[in-house]
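Colleague: I'm new to this one and would like a close look at a single part. Could you walk me through the aromatic pairs?

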Amino acid sequence: MIPTVVYAIPAFVLLVVVEALSYRFLPDDEERGYELRDTVTSMSMGAGSQVIAVPWKVATIVVYAAAYTAVPWHLSSSSGWTWLLLFFGDDLAYYAYHRAHHRVRVLWASHVVHHSSLRYNLSTALRQTWTPMTGLPFWLPLALLGVPPWMILVEQAVSLVYQFFLHTERVDKLWRPVEWFFNTPSHHRVHHGSNQVYLDRNYGGILIIWDRLFRTFEPEGERVVYGLTKNIDSYNLVRVAFHEYAAAWRDVRAAVRWRDRAGYVFGPPGWSPRVSR
């Protein structure tokens, strides 16, 4: 099984080239643009994630299919209401997934890859995790609602394609009603910021309404500083992919109490016994 998003990869690569050329011929002193090693790292992480995604999607659809067949109700794929329910359900599932992956360290260890670049451009969108297994439970309720598994995978792909276009500094704020309802480059720049005011904000996928509803929304104001609060300063793919797992393991090994070990795994990033007290 080939993940649906794979078919969009040639267009992604072409748009990365076009955006990089735009910086060459229309430079902007306030935008960081591209750097070769960073871009190669992002695209290599993306390629690796797709290799891993092929067998993982097979396992995922088996689990979703098992849940789908276990319930006595099945929604029709020919109904527009099913697609509407799926659109909002998928986006809410993504919000929950995304928020959890910023607030639980063992999940953050998977997601941190996407935030590890000091630049923000279309290639950053391709810097994806090599451990996608943590996402499965968040979409499982859709299968239990009777949504056909293939529809769930299609909607996930639609969301990922939409989010690709959010990763750019070349687009300023959009028309106010669009900014109010939808996730935009401006909102997502905030999400990638390491500024204190921007941490753990704007988790939305296609819509930004969940952030407004659950009070995690922050508008773009001060200049965004991209990257992590503690950057890894490395283009080594293995380090980019697994550095936070290694750091968490070191903390767990050094801890004396089981309570502290649990905190290092299931607490938020940056948790420590001292912070807890």
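Modeller: Let's start with Tyr-95 and Tyr-203, which are both buried. Keep in mind that this is a predicted model. There are 15 aromatic pairs in the structure, and one of them joins Tyr-23 to Tyr-34. That pair is edge-to-face, with 5.9 Å from centre to centre and 65° between the planes.

Now back to the rings we began with. The centres of Tyr-95 and Tyr-203 are 5.8 Å apart and their planes stand at 80°, so this pair is edge-to-face too. Tyr-95 lies in helix H3, and Tyr-203 is in the loop between helix H8 (185-191) and helix H9 (209-213), so here the parts tied together are 108 residues apart in sequence.

Some rings also join up in a group: ring pairs link Tyr-94, Tyr-97, Phe-138 and Trp-139 into a cluster. You'll meet Trp-139 again in the largest nonpolar core, where it is among the residues with the most contacts inside that core. Helix H3 (80-103) and helix H5 (136-144) are among the helices that each supply at least two residues of this core.

The charged end of Arg-170 sits over the ring of Tyr-23, 4.1 Å from its centre. Likewise, Arg-212 lies over the face of Phe-217, 4.1 Å from the ring centre.

Methods. Residues numbered from 1 in each chain as written. Predicted model: local features only at pLDDT ≥ 70, side-chain atom pairs only at ≥ 80, totals over all residues. Heavy atoms only, no water. Core = buried A, V, L, I, M, F, W, Y, C linked by side-chain atoms within 4.5 Å. Buried < 20%, exposed > 50% of the residue type's maximum accessible area, 1.4 Å probe, protein only. Helix = DSSP H or I, 4+ residues; strand = E, 2+ residues; numbered from the N terminus. Phe/Tyr/Trp six-rings, centres within 6.5 Å; stacked < 30°, edge-to-face > 60°. Lys NZ or Arg CZ within 6 Å of the ring centre and 35° of its normal.
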